[in-house]
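Please examine the sequence and the structure shown below. The paragraphs that follow then lead through the model one region at a time.

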Amino acid sequence: MPVLLAMGSILGWVNYITHKYLSSLNWVMLEIKPPPDVQKSPKIAENIFSGLHGTYLPVKWKKRFFKGEVPNFYSLEIVGNGGQFNFYIRVAETVRSLVEQQVFAQYPDAEIKVADDYIAGLPRFLPNNEYDLFGADLIFDKEDAYPIKTYPFFEEESGKDEFKRTDPLAPLAETLSTLEPGENIWIQILIRPTGPSWVKASKPIIDKLFGKDVKPELDFAGKVADLPSKAAGLIFDLFGLGPEKEEKKEKEVNIQKITPGQRFTLEQVENKVAKLGFKSNIRFIYIGRKEIFHRSHISSVIGMFKQLYSNNLNLFKPDSKTITVHRGILPVIFPSDKGFFASNFEFRRKWKIYQHYRSRFFRKKVIILNTEELATLFHLPGIGVKAPAFPRVEAKKGQPPAGLPI
């Protein structure tokens, strides 16, 4: 009991001090309007995320425990409300200038302004008698080292011409343009720069694709269980009692025996780990009045993420622990396939994911996205995206002369 109480107290303290630290920060919601003639590939958005990665700085455990400090993170949000949609980046005031500089460097004619939080337009707690919702956090189907289908694939399929280029966000833009008043589709991508540790964790996957023998890495319990055998081996070696060890030669890999599919997967994995990475949470939520709640919109957004799948690569899927669908207890004995307390579980999940979205809650269970994957998911669409409600800058703005007297 003392141990359990101590652990509970520590976790409670860390949660409290972290929440206090985050509440003390001055957050800014930046709305980004693209220029009317974006004729560049989503590749330029990679440079934005590479610049944002410059804020990576590990937080020491003392600052984490006593002050609640956490590394800088950003919230990239694509929002559709009643047929209109916008791009937002929510950041702390301390890094606002960095974000603006990176965006303007790649999109000089874009417009950035401070906006009110669009979430304030809906009730504090949902669902209620007026609104229903569906939501889920998206995770990878495979290990983080496997990439998704990124924008270069779309360019190869449709050509380099900006007028013919297929934009990965085009299906989403069309879906958001069809929303009726009272319908809302929100996509939230929380990102936090991370160090090279995820690259090291990807090495066994690369070795496996090469055909090398990969020794499974033991977890904490496995390492503890393996201690007696290691100690016995050291004692036998010390007194010369153990059997003579044969030198194991590393298995030679014949690159010619790798199939084209394996070679393709290997190239994509190596390409992913060669770029800067971000710990990420992706959250999708659809909110609508009950009389106009269209589940087809849910399928449309999930389909947008499904198009980023290619054979032998990674796939986005809803996290079963967060998706707002629950079968209840013992569903197998009910003809409706809904068990005991199914509606209670669903209400709880809907309430929880809505609160997580409002607070921009960063879950511990993260996925790793590199700069190329982020540029695929969040960039200013080009002129090929002609959704009617897509807002663009209507006039170019120029800077005043340097010598203008003030």
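Trp198, Val199, Ser202, Ile206, Leu209 and Phe210 in helix 7 meet Thr265, Leu266, Val269, Glu270, Lys272 and Val273 in helix 9; contact means heavy atoms within 4.5 Å. Sorted by type, the residues of this contact between helix 7 and helix 9 are eight nonpolar, two polar and two charged. Here Ala, Val, Leu, Ile, Met, Phe, Trp, Tyr, Cys and Pro count as nonpolar, Asp, Glu, Lys and Arg as charged, and the others, Gly among them, as polar. Helices (H or I, at least four residues) and strands (E, at least two) are DSSP runs, numbered from the N terminus.

This is a predicted model, in which local features need pLDDT of at least 70 and side-chain atom pairs count only at pLDDT 80 or more, while totals for chains, interfaces and linings use all residues. Residues are numbered from 1 along each chain as its sequence is written, and side-chain values use heavy atoms, with hydrogens and water left out.

Two packed helices are described by the angle between their axes and the distance between the axes. The axes of helix 7 (residues 197–210) and helix 9 (residues 260–273) come within 10 Å and cross at roughly 165 degrees. Helix 7 is therefore roughly antiparallel to helix 9. Axes are lines fitted to C-alpha atoms, for helices over the stretch in contact, and angles run from 0 to 180 degrees between N-to-C directions. Angles under 35 degrees count as roughly parallel, over 145 as roughly antiparallel, 65 to 115 as roughly perpendicular and the rest as oblique.

A further pair consists of helix 6 (residues 170–177) and helix 10 (residues 296–306), which pack at an angle of about 165 degrees with their axes 9 Å apart. This angle makes helix 6 roughly antiparallel to helix 10. Pro171, Leu172 and Thr175 of helix 6 form the contact with His297, Ser300, Val301 and Met304 of helix 10. Four of these residues are nonpolar, three are polar and none is charged.

The interior comes next. Buried means under 20% relative accessible area, exposed over 50%, and partly exposed in between (1.4 Å probe, protein chains only). A nonpolar core is a set of buried Ala, Val, Leu, Ile, Met, Phe, Trp, Tyr and Cys residues joined through side-chain atoms within 4.5 Å. The largest such core has 59 residues, of which Phe49, Tyr107, Ile187, Ile282, Phe305 and Phe316 touch the most other members. A second, separate core of 16 residues includes Tyr88, Tyr118, Ile119 and Ile287.

Helix 2 (residues 43–52) is largely enclosed by the rest of the structure, because seven of its ten residues are buried. Among these buried residues are Ile44, Phe49 and Leu52. In helix 4 (residues 96–106), the buried residues include Leu98, Val99 and Val103. Helix 2 and strand 3 (84–92) are among the elements that cover the buried residues of helix 4.

Most residues other than glycine have a negative phi, and most peptide bonds are trans. The peptide bond from Leu126 to Pro127 is cis, with omega near 0 degrees, and Pro127 lies in the loop between strand 4 and strand 5 (131–140). Asn312, in the loop between helix 10 and strand 8, has a positive phi of about 70 degrees although it is not a glycine. Asn312 is partly exposed, at 37% relative accessibility. Ser310 is found in the loop between helix 10 and strand 8 (316–318) and is buried, with a relative accessible area of 18%.
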